[in-house]
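Here are a few exercises to work through with the structure on screen. Try each task before you read its solution.

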Amino acid sequence: MVSDESDGRPTGTRSVRAPVTKPSSSSGSVPKVPLCDKCGNGIVGTVVKARDKYRHPECFVCSDCNLNLKQKGYFFVEGQLYCETHARDRMRPPEGYEAVTVYPRA
């Protein structure tokens with residue numbers, strides 16, 4: 001290495017500073033959290049998403065009986081969440097027809 005006479009540093013090097021993390025340019029606001037479709041409060045932590053709607057795990061319940069729909073089938077009828085029993089009650093087929101639940105193939 002060849003030293004520069006003026007400051008003793010090897011030639012061909014330069015001074016650098018450590019990178020600085022810049023705050024996001026979102027005008028300093030608090031990070032957005034999804035709002036619960038049922039209670040309207042912000043959701044921090046575990047989020048349940050069903051058909052582009054977000055809910056707290058404890059708000060992911062049937063609109064009629066408040067049965068928790070986690071690990072169960074759920075149905076949207078006119079924008080509301082229902083368990084299978086109450087969805088069937090709301091979706092009575094015409095006289096002479098029978099309702100049949102069809103599950104998607106995995």
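**Aromatic rings**

Ring pairs link Phe60, Tyr74 and Phe76 into a cluster. Before going on, note that this is a predicted model, where local features need pLDDT of at least 70 and side-chain atom pairs count only at pLDDT 80 or more, while totals for chains, interfaces and linings use all residues. Residues are numbered from 1 along each chain as its sequence is written, and side-chain values use heavy atoms, with hydrogens and water left out.

**Exercise 1.** Work out how the rings of Phe60 and Tyr74 are arranged, then do the rings of Tyr74 and Phe76.

*Solution.* 
- Step 1: Rings of Phe, Tyr and Trp (its six-membered ring) pair if their centres lie within 6.5 Å; planes under 30 degrees apart are stacked, over 60 edge-to-face, and the rest tilted.
- Step 2: Count the pairs. Searching the whole structure turns up two aromatic pairs.
- Step 3: Take Phe60 and Tyr74. Their ring centres are 5.2 Å apart with the planes at 75°, so this pair is edge-to-face. It links distant parts of the chain: Phe60 and Tyr74 are 14 residues apart, each in the loop between S2 and S3. (Strands are DSSP runs of E, at least two residues; helices are runs of H or I, at least four; both are numbered from the N terminus.)
- Step 4: Take Tyr74 and Phe76. Here the centres are 6.3 Å apart and the planes sit at 85°, so this pair is edge-to-face.
- Step 5: Buried means under 20% relative accessible area, exposed over 50%, and partly exposed in between (1.4 Å probe, protein chains only). Phe60 is buried at 7%, Phe76 is buried at 17%, and Tyr74 is partly exposed at 34%.

**Exercise 2.** Find which residues make up the largest nonpolar core.

*Solution.* 
- Step 1: List the members. There are 11: Val48, Ala50, Phe60, Cys62, Leu69, Phe76, Val77, Leu81, Tyr82, Cys83 and Ala87.
- Step 2: Zoom in on Tyr82. Skipping neighbours within four places in sequence, its contacts (heavy atoms within 4.5 Å) include Cys62, Leu69, Val77 and Ala87.

**Exercise 3.** Decide what the side chain of Arg55 is doing in strand S2 (residues 53-55).

*Solution.* 
- Step 1: Is Arg55 buried or exposed? At 6% relative accessibility, Arg55 counts as buried.
- Step 2: Look for polar partners. A polar contact is a pair of N or O atoms within 3.5 Å; within protein, one must be able to donate a hydrogen and the other to accept it, and residues adjacent in sequence count only if both atoms are side-chain atoms. The Arg55 side chain makes such a contact with the Asp37 side chain (3.5 Å), and a polar atom of the Arg55 side chain lies 3.0 Å from the backbone oxygen of Cys59.
- Step 3: Beyond neighbours within four places in sequence, Arg55 is in contact with residues including Cys36, Ile43, Val47, Phe60 and Leu81.

Methods
A nonpolar core is a set of buried Ala, Val, Leu, Ile, Met, Phe, Trp, Tyr and Cys residues joined through side-chain atoms within 4.5 Å.
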